[in-house]
Amino acid sequence: MENWHRKCRQELSYFSKKRGGSEKNINLEKLEVYVKENQDMTLKKAAQEFGVHSVTG
């Protein structure tokens, strides 16, 4: 618990730092058209189409 409290005091935040990767902006209009035209798509296929990674559990 002490490490957590020290981190909070030093960084003035309870939230963890953002880690790894970068955010990719997706053209929402293109995504909307793609979804309407490919209603039976898989998340993996859609992710490949837009050049992003899908995370599934």
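Helices (H or I, at least four residues) and strands (E, at least two) are DSSP runs, numbered from the N terminus. This is a predicted model, in which local features need pLDDT of at least 70 and side-chain atom pairs count only at pLDDT 80 or more, while totals for chains, interfaces and linings use all residues. Residues are numbered from 1 along each chain as its sequence is written, and side-chain values use heavy atoms, with hydrogens and water left out.

**View 1**
Welcome to the overview: the protein has 3 helices and 0 strands. Along the sequence they give the pattern α-α-α. Of the 57 residues, 9% are buried; here buried means under 20% relative accessible area, exposed means over 50%, and partly exposed is in between (1.4 Å probe, protein chains only).

**View 1. The buried face of helix α3.**
Start with A46, A47 and F50, which are buried in α3. Looking down the axis of α3, you find its buried residues within an arc of 100 degrees, so they line one face of the helix. That arc is taken from the directions from the helix axis to the C-beta atoms. K44 and Q48 are exposed, on the face of α3 turned away from its buried side. Helix α2 is included in what covers the buried residues of α3, where contact means heavy atoms within 4.5 Å.

**View 2. The aromatic pair of Y34 and F50.**
The structure holds 1 aromatic pair. The ring centres of Y34 and F50 are 5.5 Å apart and their planes stand at 85 degrees, so the pair is edge-to-face. Y34 belongs to helix α2 and F50 to helix α3, so the pair ties together parts that are 16 residues apart in sequence. For the rule itself, rings of Phe, Tyr and Trp (its six-membered ring) pair if their centres lie within 6.5 Å, with planes under 30 degrees apart counting as stacked, over 60 as edge-to-face and the rest as tilted. Both Y34 and F50 are buried.

**View 3. K30 over the ring of F50.**
Stay with F50 for one more contact of its ring: K30 lies over its face, 5.5 Å from the ring centre. A charge sits over a ring if NZ of Lys or CZ of Arg is within 6 Å of the ring centre and within 35 degrees of the ring normal.

Side chains of opposite charge can pair when their charged atoms come close. A salt bridge here is a side-chain nitrogen of Lys or Arg within 4 Å of a carboxyl oxygen of Asp or Glu, and the count comes to 1. E32 and K36 form it, with 3.3 Å between the closest N and O atoms. The two residues lie in helix α2 (residues 28-37), 4 residues apart, about one turn of the helix. E32 is partly exposed at 45% relative accessible area, and K36 is exposed at 56%.

In helix α3 you will find E49, which is partly exposed because its relative accessibility is 41%. E49 and L31 are 18 residues apart along the chain, with 9.5 Å between their C-alpha atoms. G51 follows α3 and has a positive phi, near 70 degrees. H53 sits in the segment after α3 (43-50) and counts as exposed because its relative accessibility is 78%.
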